[in-house]
Amino acid sequence: MPASPPASSNTPAVDPLVLDQAIAWLVRLRADTGRHGVDAHLQAQIEHWCRADPCHAQVWRDLMAAEEQFQRLVALPVPAGQWQGPLKRLSRSRQQRQSRRRWLGGVALGLGGLAVASLAARQAGLLHLPELLQADGYTTATGAQRRLSLSDGTHLALNTDSHIQVRFDEEQRLLVLRHGEIFVDTGKDAQAAQYRPLRVRTGQALLQALGTRFDVRQQAQSTRLTVIEGQVAVQTASGMRELIFPGEMVEIDAQGQLARQAIVTAAMDPTAWLEQTLVARQMRLGDLLAEMARYRHGWLLCDLAVADLRVSGVFQLQDSDAALDALARTLPVVVQRRTRFWVRLAAAGQ
């Protein structure tokens, strides 16, 4: 079938609820089909859901078309049991909708929708390691991710090219983020003799967790904080103090100024990396490639002539070459490769 046309700023918005429901149906369909063949009862449920609203039917058609296109680009032989993890996460996501929306609205799935099928690939898993109190802390290489369980019950995930130091003493639990990105699921610290606050220090702020789950990214000149559950108290280098609530994302600059934004309005889901995906919502192509470049060695460049094209979709971080090829099929761009370490997206016809 021909590639879907690129999305534009006039693309009608998709209700995040509808998109979330459609993805859940697809995951269930793939899981049941892998075990027993096509499930007639489930097929009937999906058809009933599609007939309930024309928007449901359109989103389902787009979703199936996106998956078909991606499957032609990259084969994903996946054991049936691996679909169960994504299904559980989607169910949990719907229960926590007020604080966390992984599947953002306004997604033009035909534009390199890229791989709802890749949900299964997320199940490859990340390392689960005990705490090792090393002087130089914990590090991940480019493209690698890592999970840690600390002695206080805190769970950490380190994203690509990250380095943290763990400094626990009798008075506090301190995580120093030198560079990169971490996701923190705060432990209760039940074995401690007295209360010890959990804090994360970056180049621009000191963040104190208040029974929470949150993401912190150390950028070149700023810190980005995303709160999923609970609250995080922020103290900037300038002395400013703010409380950040679930569903909020803030940028803290070198002067200590905070810029707040709702997660659901962001061009990129800030925590999709936990499932080794990049979820974009009307994101500039130049920004999308810059984000993908964090997970690759070498250079991933974007021609200024196409950098402002808008892209929406779900991209598998562990196979960015397949994502680039799909972009070339759905956008007026070509992929120029000099070596595996030098790749550039340019305007078609160049």
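Helix α5 (residues 285–293) lies across β14, β16 and β17, running at about 180 degrees to β14. This is a predicted model, in which local features need pLDDT of at least 70 and side-chain atom pairs count only at pLDDT 80 or more, while totals for chains, interfaces and linings use all residues. Residues are numbered from 1 along each chain as its sequence is written, and side-chain values use heavy atoms, with hydrogens and water left out.

**Sheet**
- β14, β17 and β16 form, in that order, an open sheet of three strands with mixed pairing, where strands are DSSP runs (E, at least two residues) and two strands pair if DSSP finds at least two bridges between them.
- β14 (299–302) and β16 (333–339) are the edge strands, each with a single partner strand, so one side of each has no neighbour in the sheet.
- Four bridges join β14 to β17 (residues 342–347), and these two strands run parallel; W299 stands opposite W342 in β17.

**Helix packing**
- Helix α6 (residues 320–330) also packs on the sheet, touching β14, β16 and β17 (contact means heavy atoms within 4.5 Å), and its direction makes about 140 degrees with that of β16.
- Angles run from 0 to 180 degrees between N-to-C directions, with axes fitted to C-alpha atoms, for helices over the stretch in contact.
- Helices are DSSP runs of H or I with at least four residues.

**Around F245**
- F245 is located in the loop between β10 (241–244) and β11 (248–253).
- F245 counts as partly exposed because its relative accessibility is 36%, a class between buried (under 20%) and exposed (over 50%), with a 1.4 Å probe and protein chains only.
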